[in-house]
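I opened my notebook for this one and went through a few spots in turn. Here is what I looked up.

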Amino acid sequence: MNSVKVIISNDQKKVVIPTGIRLLIRRCCNAVLQQEKFDGSAEVSVRFVDNETIHTLNAQYRNVDRETDVLSFPLGENGEYDVNLDTGAKILGDIVISVEKAVEQAKAYNHSLQREIGFLTVHSMLHLLGYDHEKGGIEEVHMREKEETVLTKIGLKRDNSYYMGD
């Protein structure tokens, strides 16, 4: 892996983004790409939204009429990605995080907002690289193991049970 450009935008006003979250997201993206031995430079977009916006996106793109914590929009398939012609970076896709939902889940799982946003970022990065847990079974277990390996490497080790939600 050469480098990763992470473009972060905050399109919500309900939760103040804590200091260090943007750096954490960049660290998570880098850690996933290193673990997966990603070849070349990469580009990913991360967008913070509120519950209402993610509900709308979830309904529009997944036909699921409820809010969720994170959505992943991969731009590649089978290891093939669009390339930014100016930089040569592979464009992996977009991650959309509901910060409101992340706050709720951090409280529910009794861990920090940093841990929750880190988890959501790592989870989505793996989706952008083609991993899927939707069918359950061994694929889901394999993806969870990869998530925890990355989170432990960057200092966000799991302190309670696996999160098995969407």
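**Asp-94**

I started with Asp-94, which sits in strand S5, residues 90-98. Worth noting at the outset that I'm working from a predicted model. Is Asp-94 buried, exposed or partly exposed? I got a relative accessible area of 31%, so Asp-94 goes down as partly exposed, since that class lies between the 20% limit for buried and the 50% limit for exposed.

Next I listed who touches Asp-94, skipping its neighbours within four places in sequence. That left Ser-45, Leu-71, Ser-72, Phe-73 and Leu-128 in contact with Asp-94. I also checked the spacing to Tyr-81, 13 residues apart from Asp-94 along the chain, and the two C-alpha atoms are separated by 13 Å.

**H3 against H4**

Then I moved on to a helix pair, H3 (residues 99-108) and H4 (residues 113-128). Their axes come within 8 Å and cross at roughly 120°. I filed H3 as oblique to H4 because of that angle: roughly perpendicular runs from 65 to 115 degrees, and roughly antiparallel needs over 145. The crossing of H3 past H4 is right-handed.

Which residues make the contact? From H3 I wrote down Ala-102, Val-103, Gln-105 and Ala-106, and from H4 Leu-113, Glu-116, Ile-117 and Leu-120.

**Salt bridges**

I ran the salt-bridge search over the whole structure next. How many salt bridges does it find? The search turned up seven. Side chains of opposite charge can pair when their charged atoms come close.

I looked at Arg-115 and Glu-148 in this set. Their closest N and O atoms are 3.0 Å apart, and the two form a salt bridge. This pair links distant parts of the chain, with Arg-115 in helix H4 and Glu-148 in helix H5 (residues 137-153), 33 residues apart. Both Arg-115 and Glu-148 are buried.

Buried or exposed, I asked of Glu-140? Its relative accessibility is 14%, so I count Glu-140 as buried, given that the cut-off is under 20%. Arg-144 has a relative accessible area of 2%, so it is buried too. Glu-147 is likewise buried.

One more entry under this heading: Glu-67, Lys-101 and Glu-104 are linked in a network of salt bridges.

**Lys-13**

Last stop, Lys-13. Where is Lys-13 placed? I found it in the loop between strand S1 (4-10) and helix H1 (21-35). Lys-13 has a relative accessible area of 82%, so I marked it exposed, the limit being over 50%. Finally I checked Lys-13 against Glu-100, 87 residues apart along the chain, and their C-alpha atoms are separated by 9.9 Å.

Note on methods. Residues numbered from 1 in each chain as written. Predicted model: local features only at pLDDT ≥ 70, side-chain atom pairs only at ≥ 80, totals over all residues. Heavy atoms only, no water. Helix = DSSP H or I, 4+ residues; strand = E, 2+ residues; numbered from the N terminus. Buried < 20%, exposed > 50% of the residue type's maximum accessible area, 1.4 Å probe, protein only. Contact = heavy atoms within 4.5 Å. Axes fitted to C-alpha atoms, helices over the stretch in contact; angles between N-to-C directions. Parallel < 35°, antiparallel > 145°, perpendicular 65-115°, else oblique. Left-handed = near helix turned anticlockwise from the far one by under 90°. Salt bridge = Lys/Arg side-chain N within 4 Å of Asp/Glu carboxyl O.
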